[in-house]
Structure formats: C-alpha cells, structure tokens
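Subject: Structure handover

Hello,

Here is the structure we talked about. Please open it first, then read my notes below.

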Amino acid sequence: NSRRSFIKISALGASGIAFTTTALSAIPSDMNSNGAKDKKIGSILSRSATYCEVCFWKCAAWVYSDEKGNIQKIIGNENDPHCYGRLCPRGTGGVGMYTDEDRLKTPLIRTKIDGKDSFREASWEEALDLVAKNMEKIKTEYGPESMALIKHGSPGSHLEHLFKAYGSDTVAEPAYAQCRGPRETGFGLTFGSWVGSPEPTDIRDTKCLVLIGSHIGENMHNSQVQEMSDAIDNGANIITVDPRCSTAASKSQHWLAIKPATDIALLLSWMHVLIYEDIYNKEYVEKYGSGFEALKKHVKPFSPEWAYGITTVKPKEIRKTARIMAAAAPSTIVHPGRHVTWYGDDSQRARAIAILNGLLGSWGNRGGFYFKEKISVPKFPHPPYPHPKWGWKELVEKYPFAEMGSTMEVIKASIPGADQKYPIKGWFVAGTNLVASVPKRKVIEEAIQSLDFMVVMDTMPMEITGYADVILPECTYLERYDGIRSATNREPSIALRSPAVPPKYNSKPAWWMAKEIGNRLDLAEYFNYNDYEEVIDWQLKEMGSSLEEMKKIGVKNFKRKSGALYMQKGKTHEFATPSGKIEFYSEELASHGLDPIPVYTSHDSPKQGFYRLNYGRSPMHTFSRTINNPNLSDLTSENMLWVNPKVARIEGLKNNQEVWLQNQDGVNSSFPIKVRVTERIRWDSVYMYHGFGHSNKKLTRAHGKGASDTELISRIAIDPLMGGTGMRGNFVKILLDNPIKETIL
Ligand code: MGD
Ligand code: SF4
C-alpha cells in the first residue's frame, strides 16, 4: 500500500498556496529566514528566561538577543539546581535548533502529484481544519479513544489537554516503555517510590558511585555530571559495570567489563557477599527491610565463583567491589540508570539494583538517595474532562505494573486483526521521531499504513514527518511559551520558558495549535484564554509569584515543606509499599505469579560471525533530534562502529574503514558506518552512538551520516511486569560491501 509512503518532504506546489495573514504576521518584517548570517555581534539588548529542550534535564537558561532579534548566546541560570549556572554543549548549541535552515517552515498536507505521494504547502486554516475534521470523523465512527497521542517533550502537555478534552487518554511516549519505565517499576516495588527525573541521587556527597551500564558524562545530564565530577575530586570511589570502557569507566577505580546481558547475576552475587560476609547495613535492614530472610536464602547459591562463570567478572573483583560499597555505605549509590530497556527482564534488574541499595542503607541517607520534593503547579480552570471508555490502561492491561502508555502497544493496536479489542485509527505524533526511537520498523510501517489519519507536529523534517498526512511545524523552544517547569530536587524549584524571539517562518507554538484544534472541535471552553501568557501568569500568581517576576529571575526556589532531606536519627520512616518497608521480597509480584525476588535467566549470545549490537549516548547529541543542528553537527557529525582489535583482525578491518551491518534477521543498515578500532569494547560486542543514520534528505547535514541502531533492532524482549521494550538482544554481522547495492530510503 503506497497510500502513506514515506516522503522526503519536498514541499511541492509551494507557489499555489497563499499563507493566512495571521501566519505571516508572526514573522517580524526585519527577520531574515537565515538568521545566523544576519548576526550583529556586540549589541545585546534583551535577555529572556527559558529552560532547555535539547534534552529532558530541562536546565534553566538565559537567552540573549540583539536588536535585530538574533539570538547571540544561551547561558545557564545561576540559581537553577538542574545546571548550577552552566549548560552542557548541547544546551549552548541549542540556538542551532532555531537557526537550522532545514526547519519545517509551514504546514504541509499530503497530496498526489503525477500519481506520486508528495506534500504541498498549506495555510494554517486549511491544515488545522483538516486535522479537526479527521479527529471528528474518528470520534464519530469509532469513538475518541481510537485517536492516539504519541508524544515527547513540552508540546506533549498541550496536546494531552486537548486529547483529554476530546475524550481520549490513549496516550504513550517512548520515554516510558523504551526508556525509564522498568526502573520506575523496580524501584517502585521495592521502595514505594519512583525514581523520577532528575534522579534523587545525592552524588555530590557520595563516597561510592556504582554505575551499571549508565554512562554519565556521555549521557550529559548536567547537574548529575557536575556532581559526579565533584565527587571524583572529593575522592569518591567509582565502580562502573559496562562491556565498554565508557568515559565514566575511564574515570573509575574499578571497571568491570561484564559480559552483556548478565548484570542480574552480578547483582545477586554482590548481595551474596554483603549478606554472607555480614557487611550489609544491619541496623537499617532490621528497621526498614521486609523479607530479608527470604532474600538471604535466595542469594545463598550466588557466590562470586558462580557469577564468574556467567559474567566473566573475576570473583576477587566482585568481593572487592562489594566491600568498597559496604565500607562507604550508606553514602553509596548504586545508580538506577536511565535508558534501561535492554533484555526484557529489566524491571527485575532494576529491582535487584534497588535491593542492593536497600542492603547498603542508601535510600534516605546522605550520599545515597535524598527525599526529593516538588511543588505542584495549579491547573488552569476548565470544565471536567469526559471519561473515555478505554485508553492506555486497557492497552497495557496484560502488564500488571504498567503505569503509563506504551508506544509499542499503541502501534500493535493500530494493526487490524481478529483480536483488535481496542482499535486505533489515528495518530497525533508530537515531538518524537518514532521510527528512530521505537524498534521493529516493519511493524511501525504496517501500523502507519493501516491508519485512517496521521498528523505529526515537529520542528524538523524528520523521518516520522515523511509518513504524515498533515505536518504542523512547531516553532522551537526559543520562540515560545510552554508549561512552567516544576521538578523534583533537593528543594522544589520552578522555571519559566518565554519566547526570546518571535516564531521564525510560518511556525507556531503547540499551545496555539492545541487551542485552535480545540476550537474547531467545539472544545473552546477548555481553552478559555487568548494567550498562554494568561495561563502562566494565573498559575504563577496562585504559587506566590507572577509572570513579571519570573521574567526577571527565570528560576524560583522554594523551601522544603515535606520534612528533612534525609532520614533523621531517632525517627522512623514509612515507605509507600504494602508493608510500609523496603520490600526485599515482594508479595505483590508473587501474587501475580512473578518472581518475588529477582532471578538470573540467561539470554542469547551472538552466533559465530555476529556481534551484539550495543548503543548509547553521544555527549554532543540527544537521541535523533540534534544530529542536523548546525552547531552540534560541527562537533560530532556521524557515529562510528567501535570494534575490538581482535574483531578488527578477524574481520580484516582498519580504522575509518566504511562497513555495512546486517542483523540476525537479515535487516541491513541503510548507510555505511566507519570503524573505530579500540580496546574499549569487548570482543563479543560492537558499539555505536544512538540517533544517527538519518534517511530524510531534507536533513542536509544529518542525511546518511553514520548508521541507525534502531533500524537494526528487529528483535525485542518485552518486560512482563510493565511492557518495556528490551532492545539489546540484536546481533550484527560486519559487511565490507553494501549487500543491497543501494540505500533503502
Ligand atoms: P528524538 O529522537 O530526540 O527523541 O526518542 P524521541 O522522543 O523520538 O526525537 C524528538 C523529535 O522531536 C524529533 O523529531 C525532533 O525534531 C522533535 N522536536 C525537537 N524539539 C521539538 C519541539 O520543540 N517541538 C516539537 N513538536 N518537536 C520537537 C527518545 C526515546 O528513544 C528515549 S527517551 C529513549 S531513552 C530511548 N533511547 C533509545 C536508544 O538509546 N536507542 C534506540 N535504538 N532507541 C531508543 N529509543 C528511545
Ligand atoms: Fe540542555 Fe544540556 Fe541541560 Fe540537557 S543537560 S537540558 S541539553 S543544557
């Protein structure tokens, strides 16, 4: 079916369509579409408050612009606990999202030209009418629940409000089932509390930081990186468990180059050493633990010698590192990680990490995990939302501990079949490049082909936009208001995002699009304001501030109200678990027929000639969103394939040689990738940065640069607890020639 074939946004028919005047008035007369060239250095006039959208750490920042409306620089807000006044290179380079001349410039509607699928430019009136008409049609024919919202980042909250008013809570985002979901389940079941973002890890005061496949430093979460660097200066012990010598591993006293997919064995063995050497935090465990005796019995067989056979980590190293953790406890953090959807048993691995922290007494203690606090932002008044008949909960009902929607389940429910109990007929995709963030490309394409309607809201012509019926160009975070940032931290804080410059081209903010679509769907009463400024000002006043004040300060810090940051001597603490304690043994899991204490199960290893495909973060990029950013692509323009020298010898590879990859299911990489020969990767794996290998030609800097890891992930392992998408069980062959002789896209 070629009805919704991928289009490399060519915006044909540009001449035929007139813009509305409202759209044109959004562009200041003196603003050139090529802002970067017009820069007038040295006449900075204004400074505006924002928080960064280049990744989801949401650092608060100041944007400086000159009298021409050109952004001169972005710097960190000195009062912000997310950044301590400093931005990471991506945050500084965020201005490239604004200046990128490849940006989506005006609404686009799918059309046929000479029998071929293409896009034509459209006015906002026409594009929004078409979106509303199709949403109305789906509502009438199937019910509003059949229209799904797949979202990520700030635009999501505006659209979620629209969707709830419209009657659908069929909502999902890759930041859950393809990212953090399992760790929230594992920690929730153990401590009764999600980890959340930013993680409440007390890194600045820690004496021992254990990273399990978590590569802080390459994964550039600002304040966390700064605190880790302070901890290193203060002599903290860093223990990194990773098949690859990550930047964090290179700063560690102990790098355990574990065999991939065996972490649970190591974690169980560490528990064994702590318990059977009697070096766990006895007082803490007696006071706060539940099910310790069952745990003790469970881990008895898991000696370091047992784990050695599985993990390849030497028993001496396992004992030594367990003793280091115990000596530093309770100021030890076994970090929960972030992108943890690896092998399908990820909630159980996260639970093993949580249990280990419990044995060390880290939760609620200085240098371990602090008690986070957040301030809630009052909801702007609106009528009650209607009650949908079904939604994301029903789509994940087979996973007893799922607490958010899963993109994978939305995708599956969009493919008609005999058991299509909850049929999905339309997608609204906002701020997520789904084909680069969710694996099993064929299944996604099948789902897209089956839809009645698909709209994408993005700032860039990404891969996902090529499949849309309507494309809505959002202006960048530097050109708009968004919801107030309220985040959990040691102390609560809020931050303002306000436009530093007017929207460039014919782009618009998500809040405006949501309101306009709402008006067309007869939902105007849910959008009872002319400008989002009014909403923010009302909310801020309810919180004891105002828009005027926040424009001046950008960030406001509040005093804690929930009590002390750590557990207090002489006082007791109740955990929000069924037992009120840390659950080493989980009755809840047992009642669902699931392992009440984590067990190790083995996963497939690569067959002869194949290597495990490992992937991770580039310090200069965020997922697939920044690869085309002119500032950041200057810093890192492509990813490379890390191979061990032994592999290079066997395969006959040299540094910088271009190779092609083919996975265990015969899926080929669309583009070649250059080889980096390095001892820093085990011989059974290869490694690449995630997010590269863009196939949309309209991304002039990113197209064809490096390979896409996601494209090569066709096998997944689903987490039975919460439906997470385990993606690290794929293996690749290294080919010296392009097996298909032409690129796919
Ligand atoms: P990005 O790839 O950054 O993140 O996956 P995604 O949510 O898809 O794509 C974000 C999209 O938002 C881009 O198309 C970008 O142009 C657009 N965008 C940027 N700013 C704005 C804006 O202000 N408004 C709008 N409307 N759009 C905007 C992330 C997800 O991927 C996550 S959270 C994780 S942890 C997983 N990581 C991961 C991995 O490491 N490897 C593999 N293979 N898959 C992964 N999937 C997951
Ligand atoms: Fe922006 Fe960097 Fe902060 Fe992420 S860590 S929000 S990219 S400054």
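Which residue in strand 5 stands opposite Arg110? It is Phe119. This is a predicted model: local features need pLDDT of at least 70, side-chain atom pairs count only at pLDDT 80 or more, and totals for chains, interfaces and linings use all residues. Residues are numbered from 1 along each chain as its sequence is written, while chains are lettered from A and ligands numbered from 1 in the order in which they are written.

The sheet. Strand 4 (residues 108–113) and strand 5 (residues 116–121) pair in the antiparallel sense over six bridges. Strands are DSSP runs (E, at least two residues), as helices are (H or I, at least four), all numbered from the N terminus. Two strands pair if DSSP finds at least two bridges between them. Strands 4 and 5 form a hairpin with two residues between them. In the turn, Asp114 has a positive phi of about 50°.

Strand 4 also pairs with strand 15 (residues 470–473), antiparallel, over two bridges. There, Leu108 has Ile471 as its bridge partner. Seven strands form the open sheet, in the order 5-4-15-14-13-6-7, with mixed pairing. Its edge strands are strand 5 and strand 7 (171–172), each pairing on one side only.

The ligand. 14 residues surround ligand 2 (C-beta atom, placed from the backbone, within 6 Å of it). The closest are Cys52, Cys55, Cys59, Cys88 and Gly91.

The domains. The assignment, automatic or from a database, gives domain 1 (197–371 + 565–591) and domain 2 (611–735). Their centres, taken over C-alpha atoms, are 29 Å apart.

Best wishes
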